[in-house]
Amino acid sequence: MKISIKDKIGPRCIIKEDGQKIYDEIHGPLKRAEKVTLDFNGVSQFASPFFNFAIGQLLKDIPEADLRRLLQIENLNETGKLVVERVIENAAKYHGDKDYRKIVDDILEQQARESQ
Amino acid sequence: MFQKVIQIPTLNDGTWDFQQLFTIWNQVNDYFEDVRFDFSNCRFLRPNAVAFLGGLARLIESRLGTVVFDWGTLHNQAVMNNLRQNGFAGVFGHPSSGWDGNSIPYREDQFLDMNGIMDYLTYNWIGKGWVHVSARLRDAIVGRMWEIYNNAFEHSGTQIGVFSCGQHFWRQNDLILSVVDFGQGIPAKVRGFLRQHAEETLVAKLTGASCLRWAFQAGNTTKVGEPGGSGLDLLKEFIRINHGKMEVYSNEGYAIIDKDGERYENRDISFEGTVVHITLRCDENLYRFSDEAEPLF
């Protein structure tokens, strides 16, 4: 399966609604272990919400190694690649369990240190 | 009808200037306020003040008050010209419309208008020819700046939208963008989120500075059920590479990100909302892709 992002979304991959459209199209095939190619030829502007929804969400139920093997990304420029990598990195953190009680304790500890 | 007269002083973009803006917000932060802004003492008005005052006027109106910008009191010709040029004066009752120049138009967004905001950033902000960058690099920078608007709409809960203004200063060769919302503020949002997971008494102790620091760390997000936490991180990284500066005033918290790192402080004067004030250096040598020339963007 190959999707031309420019044909589907346009030259700007910015908002989460557009990212969701791509996710809806590729999630099923990727879950079935089919290869998917996203072609970014003609796309020039990128922001993180698009990739959070198009790709970051996939990590909820597809392991990162499988995703990297099955999902091919073509013609994505350097800026876009940087955003994708950051989104994948943060999505992995997001989908892990967080101990917010400990987070609050840590923040308060740092506050106390700084006020000394 | 009792009309409050608020003096607008000369406003730059330092700590004192932001304190003046938040003090003004405190003076009119109620329902049914009728306000007249007087410019008799104003000799200079930076874009942060323009965006803030525009948003404040809409906030007052949304609370069933009235606002008059008393253009007859604005005797400083340079300030008047700037406010006419960037369209602010025309929006608020002056019989003039904006024109092209050093000013970047004053802008109001009631909703997250992707193409409108991206066009503004691409063609009116960076794309006016004062920063000599390739189209590819221009697009990269604009994508980072868009994260500010996205954050304002996604997180602040603003009822009246987002307000922005910018300017290019030839002498310093700085490009400025200020984005203002009068939503709940980042510390309030972070506390509200953490309160769902930890005891209220502990969360209440979190300072504005601590909340901002948490929000600015990669991977931290207050969104539930969707990944996030990359936008501010990407923006911070860009600001550092550019040797630029990003300042954020939100509730009582203050953050500054520049080439020396990031610092978080608590301020005496608080306001409900967030100001993101960015200064980029228009030095083309700072902006390059690895395959164009060094250094790396």
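This is a predicted model: local features need pLDDT of at least 70, side-chain atom pairs count only at pLDDT 80 or more; totals for chains, interfaces and linings use all residues.
Helix α9 itself, which spans residues 208-215 of chain B, is mostly covered, with eight of its eight residues buried.

Taken along the principal axes, the C-alpha atoms of chain B fill a box of roughly 55 × 50 × 30 Å. Buried residues account for 60% of the 297 residues in chain B, and, among the contacts in chain B with a separation of 6 or more, 66% are made by residues 24 or more positions apart. The accessible surface of chain B amounts to about 11400 Å², with 48% of it belonging to carbon and sulfur atoms. Chain B carries 27 positive and 36 negative side chains, the centres of the two sets lying 3 Å apart.

In soluble globular proteins, nonpolar side chains tend to be buried together. The largest nonpolar core in the model comprises 58 residues, of which Leu121(B), Trp125(B) and Met145(B) touch the most other members. Helix α6 (residues 135-155) of chain B gives the most to this core, contributing ten residues. A second, separate core of 44 residues includes Ile6(B), Val35(B), Phe52(B) and Phe271(B).

Leu59(B), which lies in helix α2, is buried, with a relative accessible area of 8%, and, not counting residues up to four places away in sequence, touches Trp25(B), Ile160(B) and Phe182(B). Leu59(B) and Thr158(B), although 99 residues apart in sequence, are 10.0 Å apart in space from C-alpha to C-alpha. Leu64(B), by contrast, is found in the loop between α2 (47-62) and β3 (66-70) of chain B and is exposed, with a relative accessible area of 56%. The phi angle of Leu64(B) is near 65°, a positive value in a residue other than glycine.

A positive phi, of about 65°, also occurs in chain A, at Ala33(A), although this residue is not a glycine. Ala33(A) is placed in the loop between α2 (16-31) and β3 (36-39) of chain A.

Chain A has six helices and five strands, which from the N terminus on run in the order β-α-β-α-β-β-α-α-β-α-α. Whereas a compact globule of 116 residues would have a radius of gyration near 13 Å, the value for chain A is 17 Å, and the C-alpha trace of chain A spans about 55 × 30 × 20 Å along its principal axes. Of the 116 residues of chain A, 51% count as buried, and residues 24 or more positions apart make up 80% of the contacts in chain A with a separation of 6 or more. The accessible surface of chain A comes to about 5600 Å², 46% of which belongs to carbon and sulfur atoms. The charged side chains of chain A number 19 positive and 20 negative, with the centres of the two sets 2 Å apart.

Within chain A, Glu64(A) lies in helix α4 (residues 64-70) and is partly exposed, with a relative accessible area of 32%. Not counting residues up to four places away in sequence, Glu64(A) touches Leu59(A), Ile88(A) and Ala92(A). Glu64(A) and Glu89(A), which are 25 residues apart in sequence, are 9.7 Å apart in space, C-alpha to C-alpha.

Definitions and conventions:
Residues are numbered from 1 along each chain as its sequence is written. Chains are lettered from A and ligands numbered from 1 in the order in which they are written. Side-chain values use heavy atoms; hydrogens and water are left out. Helices (H or I, at least four residues) and strands (E, at least two) are DSSP runs, numbered from the N terminus. The radius of gyration is taken over C-alpha atoms; the globule rule is 2.2 Å times the number of residues to the power 0.38. Buried means under 20% relative accessible area, exposed over 50%, partly exposed in between (1.4 Å probe, protein chains only). Contact means heavy atoms within 4.5 Å. Accessible areas come from the Shrake-Rupley method with a 1.4 Å probe; for residues, only the protein chains shown count as cover. Lys and Arg count as positive and Asp and Glu as negative; His and the chain ends are not counted. The place of a charge is taken as NZ of Lys, CZ of Arg, CG of Asp or CD of Glu. A nonpolar core is a set of buried Ala, Val, Leu, Ile, Met, Phe, Trp, Tyr and Cys residues joined through side-chain atoms within 4.5 Å.
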